[in-house]
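Hi,

Here is the structure I promised to pass on. Have a look first, then read my notes below.

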Amino acid sequence: MTRTPGENGPVEIEKKGLSRRSFVRLVGVGVGVAVVGGGTAAVMANRPEMSSRQQGLPRIPEWTAADVPSLQGLSALVTGGNGYPVEDRSGLGFHNALELARAGAEVTIASRNRERGAEAVRRIRADVPGASIRFETLDLADLASVAGFADRMRAARTSLDLLVNNAADGGQAVRQVSADGFERVLATNTIGHFALTARLLPLLRAADAPRVVWVSSLRAGTAAINFDDLQAEREYDYGAAYSNSKLANLMLAFEMQRRSRAQGWGISSIAAHPGVARTNLIPDGPGPDSTEGRNHRYMPFLYQPGAQGALPTLYAATSPQAEAGAYYGPAGFMELSGLPAWAGIPQQAEDQQVAARLWTTLEDLGQVTFGRVG
């Protein structure tokens, strides 16, 4: 992959954000920065150290969307890519899809809302004339929708180079269930993505150098996988549900890489998190009257733009230097904002026994078996 930095003029990204970092450093413990379901105090108390397997690795040079290499001839699928800019917010998946299309990839964005998806495609084509991009309907909280979408993908193409498992549900104050009876946050963020990845495995394996990127969160550091109440039926909290789903995604990224290496899939599985960014996750999730919603409304300076929050995922998806099995996030203070860097890995995410059990559990819940799609 090669591309001249700055080619086709990608969006400019702020690189410093010193005033924001200084403010967070001074008042972070007392302020609930909107990382869904908690605040800076929780993140700081659970901030993971750099994993031993990432210690000593060279620092990642400053990297922005201008550094995305040429993706001509490659295909990409981004879930939840319809979050086009509204007021001061925009979706991470939208910016991933935009920059992938700008680099020449054939991009599919997939989500529930066809109207918003069509508008996202229109905006990307307006920004990148001649972009190869389309929308497909996909409801990750409905396994029948996942199966139907995967069937259409397999019928329409012979391979898939990149899958970005980006879509997310931030949860509601009251527990919601999916079409299949699962707790909705887990269903959308984790079960649906797991089932989708399994069903697209034949397409991924047919590509030359395929990648799967799993989007996690800083909140994974506060989470746990509780198999005795995986569906949060006995005790539900939207923040915990979100955090736990994002820990699950991180563990799945690592477990998929182990299995890919062991079973010869040839797929690079990589994880990333955005830090804290201005997206629709809070307005569409817990809402404006939640703690996170009030932070979102009254302290907007704490949030980096969605385009910058998307960079770690974009780096994981496209950089020739991105490592299989790695975890990337922002380089700034507490990983809240900044350009891509190695991310701290929560200790619980390294538990391979839990990861293997989670994998088996999700095969059962998702009605799939990797390599033998049901």
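How do the residues of the lining of the second largest pocket divide into nonpolar, polar and charged? They split into 8 nonpolar, 4 polar and 5 charged. Here Ala, Val, Leu, Ile, Met, Phe, Trp, Tyr, Cys and Pro count as nonpolar, Asp, Glu, Lys and Arg as charged, and the others, Gly among them, as polar.

Before going on: this is a predicted model, where local features need pLDDT of at least 70 and side-chain atom pairs count only at pLDDT 80 or more, while totals for chains, interfaces and linings use all residues. Residues are numbered from 1 along each chain as its sequence is written, and side-chain values use heavy atoms, with hydrogens and water left out.

Back to that pocket (on a 1 Å grid over the protein atoms alone, an open set of points where a 1.4 Å probe fits, with protein on both sides within 12 Å along at least five of seven lines; lining residues have an atom within 4 Å of a point). Asn226, Asp229, Ala232, Glu235 and Asn244 lie nearest its centre. Helix H8 (residues 238-263) gives the largest share of the lining, 4 residues; helices are DSSP runs of H or I, at least four residues, and strands are runs of E, at least two.

Now look at Ala277, in the loop between strand S6 (268-272) and helix H9 (281-284). Ala277 is buried, at 13% relative accessible area (buried means under 20%, with a 1.4 Å probe and protein chains only). Its C-alpha sits 5.4 Å from that of Gly306, though they are 29 residues apart in sequence.

Finally, in helix H3 (residues 92-102), 11 of 11 residues are buried.

Cheers

Methods
Buried < 20%, exposed > 50% of the residue type's maximum accessible area, 1.4 Å probe, protein only.
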